[in-house]
Amino acid sequence: MKGLYFQQSSTDEEITFVFQEKEDLPVTEDNFVKLQVKACALSQINTKLLAEMKMKKDLFPVGREIAGIVLDVGSKVSFFQPDDEVVGILPLDSEDPGLCEVVRVHEHYLVHKPEKVTWTEAAGSIRDGVRAYTALHYLSHLSHGKSVLIMDGASAFGTIAIQLAHHRGAKVISTACSLEDKQCLERFRPPIARVIDVSNGKVHVAESCLEETGGLGVDIVLDAGVRLYSKDDEPAVNLQLLPHKHDIITLLGVGGHWVTTEENLQLDPPDSHCLFLKGATLAFLNDEVWNLSNVQQGKYLCILKDVMEKLSTGVFRPQLDEPIPLYEAKVSMEAVQKNQGRKKQVVQF
């Protein structure tokens, strides 16, 4: 039985993906579940976070968003039994790669998969669903009638966030990084209030948002990264399309919430003072926040269940690429790690 792993170079700058033979799993014990994997979604690996958590290994398992069938359960498992269809996210310290035919996982990282939901839909939506809930429900307290700016709304995560915001009765504004993305966003139903095309670099995001909200500013901003410096100091093309931090502060309304994915965000005293005058808040969206806090396990399971429920009722419609076989996972992971491609990649077994 083979599984996909990755190795880091001595400089920690590059990683290499390799298939490795994996030993048969031991007898399932205590609260662990043995799972036959039917689908596994691919996401970027945060090597910096692994280093900060002191998780040094020769080989790291790859693939964490899984859906599959329960083969066996430990003596203390209370939520599942053999033949149950489940979905979940493997923890950071998992010894097993999701990109493997059989894995062993603690029952508290899994929930039941609804019958109407396919394997690929379940695995391809679970992580982005958790991120969207964390950003819009727990960090910014989204409610009916709020205005929300979702950056890069045509991304796999952006589409889920837009659908959750619409479901909660919010007015959604989104940015598009290309003509194709703009056309994709304009097809949303219910329609997005305004699609801001930033692909040519000439449209001012702050002005567009203030115009759309009658000068009041938006209640919630969910960014996809921000520029910390001027364009001359950040010549990379991917940074040119990102809004400057001053733009976001400008377009944020009184009492607004800014949820950022920029882990190294730097605010100068004038920036902080402007946020203070607006009574605004700043929150950081950490993908692994639930994984790093065991005391919040109950809330985490509620989120997983709600994501699956909304997927089964059609509230969430994930943006998935065509499923790929396991033998193509290595090449696909290399592309995902380089942030290539827009749709979510899912390996189907």
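In helix α8, which spans residues 269–278, the buried residues are Asp271, Leu275 and Lys278. Viewed down the axis of α8, these buried residues fall within an arc of 65°, so they line one face of the helix. An α-helix has 3.6 residues a turn, so residues three or four places apart point the same way. The other side of α8 carries the exposed residues Pro269, Pro270, Phe276 and Leu277. The partners of the buried face are α7 (245–251) and β13 (252–260), against which the buried residues of α8 pack. Just after α8 comes glycine 279, with a positive phi of about 65°. The model described here is predicted.

Leucine 252 belongs to strand β13. The residue is buried, because its relative accessible area is 2%, and buried means under 20%. Not counting residues up to four places away in sequence, leucine 252 touches Gly217, Val218, Asp219, Val221, His257, Trp258, Leu275, Lys278 and Ala280. Two of these names, Leu275 and Lys278, are also among the buried residues of α8.

## Helix α10

A separation of 83 residues along the chain lies between leucine 252 and alanine 335, and their C-alpha atoms are 35 Å apart. Helix α10 covers residues 329–337 and includes serine 332. The buried residues of α10 are Ala329, Ser332, Met333 and Val336. They cover an arc of only 100° around the axis, which puts them on the same side of α10. The elements that cover these buried residues include β1 (2–8), β2 (15–21) and β15 (346–348).

Which residues does serine 332 contact, leaving aside its neighbours within four places in sequence? They are Leu42, Ile324 and Gln345. Serine 332 has a relative accessible area of 11% and is therefore buried. After α10 comes asparagine 339, with a positive phi near 60°.

## Backbone geometry in the loops

Most residues other than glycine have a negative phi, and most peptide bonds are trans. Several places in the model depart from this pattern. Aspartate 83 has a positive phi near 80° and is not a glycine. The loop that holds aspartate 83 runs between β5 (65–73) and β6 (85–89). Histidine 141 is likewise not a glycine, and its phi is positive at about 55°. The loop of histidine 141 lies between α2 (119–139) and β9 (147–150).

Are aspartate 83 and histidine 141 buried or exposed? Aspartate 83 is exposed, because its relative accessible area is 64%, and exposed means over 50%. Histidine 141 is exposed as well, with a relative accessible area of 52%.

The peptide bond from arginine 189 to proline 190 is cis, and its omega is near 0°. Proline 190 is placed in the loop between α4 (179–186) and β11 (194–197). Histidine 166, a residue of helix α3 (residues 156–167), has proline 190 among its contacts. Leaving aside neighbours within four places in sequence, the contacts of histidine 166 are Val172, Pro190, Pro191 and Ile192. Histidine 166 is buried, with a relative accessible area of 14%.

The relative accessible areas of the residues discussed above are collected here.

| Residue | Relative accessible area | State |
|---|---|---|
| Leucine 252 | 2% | buried |
| Serine 332 | 11% | buried |
| Histidine 166 | 14% | buried |
| Histidine 141 | 52% | exposed |
| Aspartate 83 | 64% | exposed |

## The chain as a whole

The protein has 10 helices and 15 strands. Its C-alpha atoms fill a box of roughly 60 × 45 × 40 Å along the principal axes. For 349 residues, a compact globule would have a radius of gyration near 20 Å, and the 21 Å of the protein agrees with this.

Of the 349 residues, 52% count as buried. The accessible surface comes to about 16,700 Å², and carbon and sulfur atoms account for 49% of that area. Among the contacts with a separation of 6 or more, 71% are between residues 24 or more positions apart.

Methods: Residues are numbered from 1 along each chain as its sequence is written. This is a predicted model: local features need pLDDT of at least 70, side-chain atom pairs count only at pLDDT 80 or more; totals for chains, interfaces and linings use all residues. Side-chain values use heavy atoms; hydrogens and water are left out. Helices (H or I, at least four residues) and strands (E, at least two) are DSSP runs, numbered from the N terminus. The radius of gyration is taken over C-alpha atoms; the globule rule is 2.2 Å times the number of residues to the power 0.38. Buried means under 20% relative accessible area, exposed over 50%, partly exposed in between (1.4 Å probe, protein chains only). Contact means heavy atoms within 4.5 Å. Accessible areas come from the Shrake-Rupley method with a 1.4 Å probe; for residues, only the protein chains shown count as cover. The arc is that of the directions from the helix axis to the C-beta atoms.
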